[in-house]
Amino acid sequence: MTPELVTLHVWRIPRTAVPRALARMAIHPARLRRMPGVRFAKLLGTGTGTGFGPGDTDLTRWAALVVWDSPAAAAGFDASPVGRSWARLARAGVRVELRPLTSRGEWSGRRPFGEPTGGRVTGPVLALTRARLRARRAVTFWRAIPPVAAALRDAPGLLARFGVGEAPLGWQGTVSVWRDPADLVAFAYRHPEHRAAITRTPTEGWYAEELFARFAVGDVVGDRTVLGWAAPAGDPETARGNA
């Protein structure tokens, strides 16, 4: 079944709070999964989005991706022990509400976003990629990524991007937010560097498990700069949310 709502929570913390964040990453995954209404959940480290490799880690930004049974269940996150704990630690945070449009592949042996059937979208979209690398192919993958990362940085319509992962090595993912679906499609299927990486994927055998999902972006509540959101000139609301 396709979930009604997926939320992405991202926190920016002081560097002095990194040890406490690491402790939360050890304790909170199980607590988050046990929350009422949670269908699937992952606590994630992040990267800067400039290289998507092992040297890209950003220890001052952390994230949670949660799949909910209902919007009512999702509304309880901020008041939950996990939500309150990260809010106390963070100097800034943002919540992005997402509606699944397409999803293929698996994450930890599951299809967390069901089998969404798409639908017409005229506003921003978020793309999520996630892969578990085969250890013997990881170096080849990391060598192939820099041209794609460089092309992504300058892609028309890109609003935000960063890396995500469940572990420092071998559990790679990306989050990118686009002005509209056409901009995402143009990069994913027409940009030469990205097309070359797609073509190499089956022959290189980089991934033991992979997932690609696309979402319509709903409410964005909080400080969008935590996402690295790029603000168009003269539009301060695009750079900062309404919280």
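The legends below accompany several close-up views of one predicted model.

Residues are numbered from 1 along each chain as its sequence is written, and side-chain values use heavy atoms, with hydrogens and water left out. Because the model is predicted, local features need pLDDT of at least 70 and side-chain atom pairs count only at pLDDT 80 or more, while totals for chains, interfaces and linings use all residues.

**View 1. The whole chain, to get our bearings.** The protein has seven helices and eight strands; helices (H or I, at least four residues) and strands (E, at least two) are DSSP runs, numbered from the N terminus. Of its 243 residues, 51% are buried, where buried means under 20% relative accessible area, exposed means over 50% and partly exposed lies in between (1.4 Å probe, protein chains only). Take the contacts between residues at least 6 apart in sequence: 75% of them join residues at least 24 apart. Contact here means heavy atoms within 4.5 Å.

View 2. An α-helix has 3.6 residues a turn, so residues three or four places apart point the same way.

View 3. Seven aromatic pairs turn up in a search of the whole structure. Rings of Phe, Tyr and Trp (its six-membered ring) pair if their centres lie within 6.5 Å, and planes under 30 degrees apart count as stacked, over 60 as edge-to-face and the rest as tilted. One of the pairs is W68 with F77, an edge-to-face arrangement with 6.4 Å centre to centre and 80° between the planes. W68 is buried at 0% relative accessible area, and F77 is buried too, at 2%. Ring pairs join W68 and F77 with W11, W62 and W86 in a cluster.

**View 4. An arginine over a tryptophan.** Here R224 lies over the face of W229, at 4.9 Å from the ring centre. A charge sits over a ring if NZ of Lys or CZ of Arg is within 6 Å of the ring centre and within 35 degrees of the ring normal.

View 5. The structure has a count of eight salt bridges, each a side-chain nitrogen of Lys or Arg within 4 Å of a carboxyl oxygen of Asp or Glu. R12 and D58 form one of them, at 2.8 Å from N to O. This pair brings together strand 1 (residues 5-12), which holds R12, and strand 3, which holds D58, across 46 residues. Both partners are buried. Another bridge joins D69 and R39, with the closest N and O atoms 3.2 Å apart. D69 is in the loop between strand 3 and helix 2 (71-74) and R39 is in strand 2, 30 residues apart. D69 is partly exposed at 40% relative accessibility, as is R39 at 22%.

**View 6. The bridge from R130 to E166.** The side chains of R130 and E166 meet at 3.2 Å, N to O, in a salt bridge. R130 belongs to strand 5 (residues 125-133), whereas E166 is in the loop between strand 6 (158-165) and strand 7 (171-178), 36 residues apart. R130 is buried, with a relative accessible area of 4%, whereas E166 is partly exposed at 25%.

**View 7. V226 and its surroundings.** V226 is found in the loop between strand 8 (207-222) and helix 7 (236-239), and at 2% relative accessibility this valine counts as buried. V226 and V94 are 132 residues apart in sequence, yet their C-alpha atoms are 6.8 Å apart in space. Leaving aside neighbours within four places in sequence, V226 is in contact with V10, W11, R12, R61, A92, G93 and V94.
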